[in-house]
Amino acid sequence: MTTALLEVEDLQKSFGGLRAVGGLSFSVQRGEVLGLLGPNGSGKTTALNLVSGALAASGGRIHFDGRRIDGQAPHHIARAGVARTFQLVRVLPGMTALDNVQVGMAFRTAPAFGAAARDEAMALLERVGLAPRAQLPAGELTYIDQKRLELARALALRPRLLLLDEWLAGLNPTELRQGIGLIEALRRDGLTIVLVEHVMEAVRALCDRCVVMSAGLRLAVGRTAEVLADPAVVDVYLGR
Ligand code: ADP
């Protein structure tokens, strides 16, 4: 029997009277790229926040690599191997790109120090295409470069699961192609990825399977091409 890397069962989250996530179940297989789709307000970011521990669930269970993680603190979940990026980029603007990545490394179980930390951080910047700007303050980087930096910082945790919250949003066509290429490379390296994404070109290029949410519930799940052709899915996206 193969067990999924991430197993989400009957996950629930209410904010006061509002059910943001109302009993969501899905699994993510090792090495897979799973798209989490749905209109604005359907509960996608809340679902990511529940998986990463930023929010406590009102009900349900989350297993990562066979271990229950719901109810654990975000840093425990990060150390277990779950990293994420945020919809609004959160780099430390006054620190250099290189230092930002080293801060990310400090959060993992086996932090690196000194020259080893610096070399590893440089290698991560190289991987995301930021090495030439390693010494620039993060706040002076362009939008796409801040996104690259945020990705490098997430990778600094040496995650086994990467959660990307609209990481490709707001990029121009050239940047989008580069961004898709970068995620493809991570996937080739064996990283398991969940991406919340509205950019359909990216969803089609990257996602093996998709889960579509609507009003906090799972509307559809399956292979990307099939899900995107599902009339119920087309319906919730109409007018977008
Ligand atoms: P999506 O990511 O699909 O756009 P969200 O998960 O951000 O959706 O939001 C789902 C619903 O939960 C929305 O109605 C949103 O207004 C509500 N919501 C999200 N976060 C909070 C919060 N911290 N407090 C109250 N309501 C929230």
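Which helix gives the most to the shell around the ligand? Helix 1 does, with three residues. The notes below concern a predicted model.

1. **The ligand shell.** Around the ligand stand F15, L18, A20, G38, N40, G41, S42, G43, K44, T45 and T46. By class, three of the shell residues are nonpolar, seven are polar and one is charged. Two elements each supply at least two residues of this shell: strand 2 (18-28) and helix 1 (44-52). Helix 1 makes the top contribution, three residues.

2. Four strands build an open sheet, and their order is 2-1-4-5. The pairing is antiparallel. Strand 2 and strand 5 (67-68) are the edge strands, each with a single partner, so one side of each has no neighbour in the sheet. In general, strands of a sheet pair through backbone hydrogen bonds, in either the parallel or the antiparallel sense.

3. **Strand 1 with strand 4.** Within that order, strand 1 (residues 6-15) and strand 4 (residues 59-64) run antiparallel and are joined by five bridges. For a pair to look at, take E9: its bridge partner in strand 4 is R61.

4. **Strand 9 and its partners.** Strand 9 (residues 209-214) pairs with strand 3 (residues 33-37) in the parallel sense, over four bridges. Here G35 stands opposite C210. Strand 9 is also joined to strand 10 (residues 217-223), by six bridges, and these two run antiparallel. In that pairing V211 stands opposite V221.

5. **The hairpin turn.** Strand 9 and strand 10 form a hairpin with two residues between the strands.

6. **Helix 3 against helix 5.** Helix 3 (residues 97-105) packs on helix 5 (residues 143-155) at an angle of about 30°, and the axes are 7 Å apart. Angles under 35 degrees count as roughly parallel. The two helices are therefore roughly parallel to each other. Their crossing is right-handed. From helix 3, the contact uses A97, N100, V101 and G104. These meet L149, A152, R153 and A154 of helix 5. By class, the contact has five nonpolar, two polar and one charged residues.

7. **Helix 3 against helix 4.** Helix 3 also packs on helix 4 (residues 114-127), here at an angle of about 110° with the axes 9 Å apart. Helix 3 and helix 4 are therefore roughly perpendicular to each other. This crossing is right-handed. Helix 3 brings A97, L98, V101, Q102 and M105 to the contact. Helix 4 brings A117, E120, A121, M122, L124 and L125. The contact residues divide into nine nonpolar, one polar and one charged.

8. **Residues to follow in helix 3.** Which residues of helix 3 meet helix 5? A97 and V101 are among them. A97 and V101 also take part in the contact with helix 4.

Conventions: Residues numbered from 1 in each chain as written. Predicted model: local features only at pLDDT ≥ 70, side-chain atom pairs only at ≥ 80, totals over all residues. Pairing = 2+ DSSP bridges. Near = placed C-beta within 6 Å. Nonpolar A, V, L, I, M, F, W, Y, C, P; charged D, E, K, R; others polar. Axes fitted to C-alpha atoms, helices over the stretch in contact; angles between N-to-C directions. Parallel < 35°, antiparallel > 145°, perpendicular 65-115°, else oblique. Left-handed = near helix turned anticlockwise from the far one by under 90°. Contact = placed C-beta atoms within 7 Å.
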